[in-house]
Amino acid sequence: MKEMKAEEYQERKVDVGEWHVNLTSYRLDKEFHCKADNVSPGAALARTTGATREEAEANAIARAEELLSRAKRRAAEA
Amino acid sequence: MGNYAHPETLVTTDWVAQHASDARVRIAEVDVDTKAYDEGHVPGALGWAWNSQLCDTVRRDILSPSQFEELMAASGISPDTTVVIYGDNNNWFAAWALWQMKVYGHKDVRLMNGGRKKWLSEGRELSTAAPKIARTTYKASAPDLSIRAFLSQVQSAQAKSAAALVDVRSPQEFSGEILAPPGLPETCQRGGHIPGARSIPWGKACNDDGTFKSYDELKALYAGEGVDGTKPVIAYCRIGERSSHSWYVLKYLLGYGNVANYDGSWTEWGNLVGAPVERGAAASAGGRG
């Protein structure tokens, strides 16, 4: 059992391919955690960890890239 | 909680911090990402997995009465327990859980305003320990199906323009440009929306910190799309969780009397043979006939 707090909480937006991605990162104890979600509608893409914020974010972006590369756009005309 | 119609259904992170160890209160976390709870949660909170504990895992449906009673009993919840639910993505699946608890008549169930995001960003205490639960017995009420819309009801409402249909997905899902949120599996055969539906994405109801917008802002948001509570409202999304969030806003924050969640949503409608589908971006409310 561990009691802790999220520290150094930060959110930022990045573009992954043609999609906007929101990165939320924070430190829990000695490890950085990162969550990637698509900005709209906000669905979760990846949850990763790393020894540094940069590492956790890089892992999340890599996973987001993999998932988002499968997303297809279609003609949406009526 | 501002001048919401039912402020008793919403609590602040401060309130949760003060009441998390209250024996009459049970806190539950429900996340889109079911791994989030294990990373650290509100001390004393239990975790419910939306994809295994809040649905029938054999047929596509919400929990049956007996499944619901078992979940409540195993969670140490009695009919008079105050249940506070929170989760990631600004309470998407927390609202889904609250909606099911209301279907089965639980009296006092509330959302934590801002959800997991606000709790984390405020640097509040987290625990990785699962709480020790004393089992209860729980008897569910007969399901209140006035807050749940089934396909036949939606088809009838659409054909007769008898309800305001609110599509809470992203504009790109509404238009048919994408079939699912980017990065998630496509679970329907056709893209677009139910003809006549208004596009009011769920996220427009939230502030940047994950909390709900004010009553006046919410009222203006929906009224601007012609959804003012004078007609029954049916909310839908892709699988029913985002629309639970909007259902909660319409039902409890704005106080509209007749609001239902169509949990079959686009994964049902967008797979139906012969169902009417409209494509293209949303027109302004004033521009529609």
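The radius of gyration is taken over C-alpha atoms, and the globule rule is 2.2 Å times the number of residues to the power 0.38. This is a predicted model, in which local features need pLDDT of at least 70, side-chain atom pairs count only at pLDDT 80 or more, and totals for chains, interfaces and linings use all residues. Residues are numbered from 1 along each chain as its sequence is written, while chains are lettered from A and ligands numbered from 1 in the order in which they are written.

**View 1. Overall dimensions of chain A.** The radius of gyration of chain A is 14 Å, whereas a compact globule of 78 residues would have one near 12 Å. Along the principal axes, the C-alpha atoms of chain A fill a box of roughly 55 × 20 × 20 Å.

View 2. Chain A has four strands and one helix; helices (H or I, at least four residues) and strands (E, at least two) are DSSP runs, numbered from the N terminus. Along the sequence the pattern is β-β-β-β-α. Of the 78 residues in chain A, 37% are buried, meaning that 20 or more other C-beta atoms, placed from the backbone, lie within 10 Å of the residue's own. Among contacts in chain A with a separation of 6 or more, 31% join residues 24 or more positions apart. Two residues are in contact if their C-beta atoms, placed from the backbone, lie within 7 Å.

**View 3. The two domains of chain B.** Chain B is divided into domain 1 (7-142) and domain 2 (146-287), with bounds from an automatic or database domain assignment. Taken over C-alpha atoms, the domain centres are 24 Å apart. In chain B, 19 residues of domain 1 are in contact with 17 residues of domain 2. On the side of domain 1 that touches domain 2, helix 4 (88-103) and helix 5 (115-121) of chain B each supply at least two residues. Helix 4 of chain B gives the largest share of that side, 10 residues.

**View 4. An open sheet in chain B.** Four strands of chain B form an open sheet in the order 8-7-9-10, with parallel pairing. Strand 8 (198-199) and strand 10 (259-261) of chain B stand at the edges with a single partner strand each, so one side of each has no neighbour in the sheet. Two strands pair if DSSP finds at least two bridges between them.

**View 5. Strands 7 and 9 of chain B.** Strand 7 (residues 164-167) and strand 9 (residues 233-236) of chain B pair in the parallel sense over four bridges. B:Leu165 stands opposite B:Ile234 in strand 9 of chain B.

Key. A residue is buried if 20 or more other C-beta atoms lie within 10 Å of its own, exposed if 12 or fewer, and partly exposed in between; C-beta atoms are placed from the backbone.
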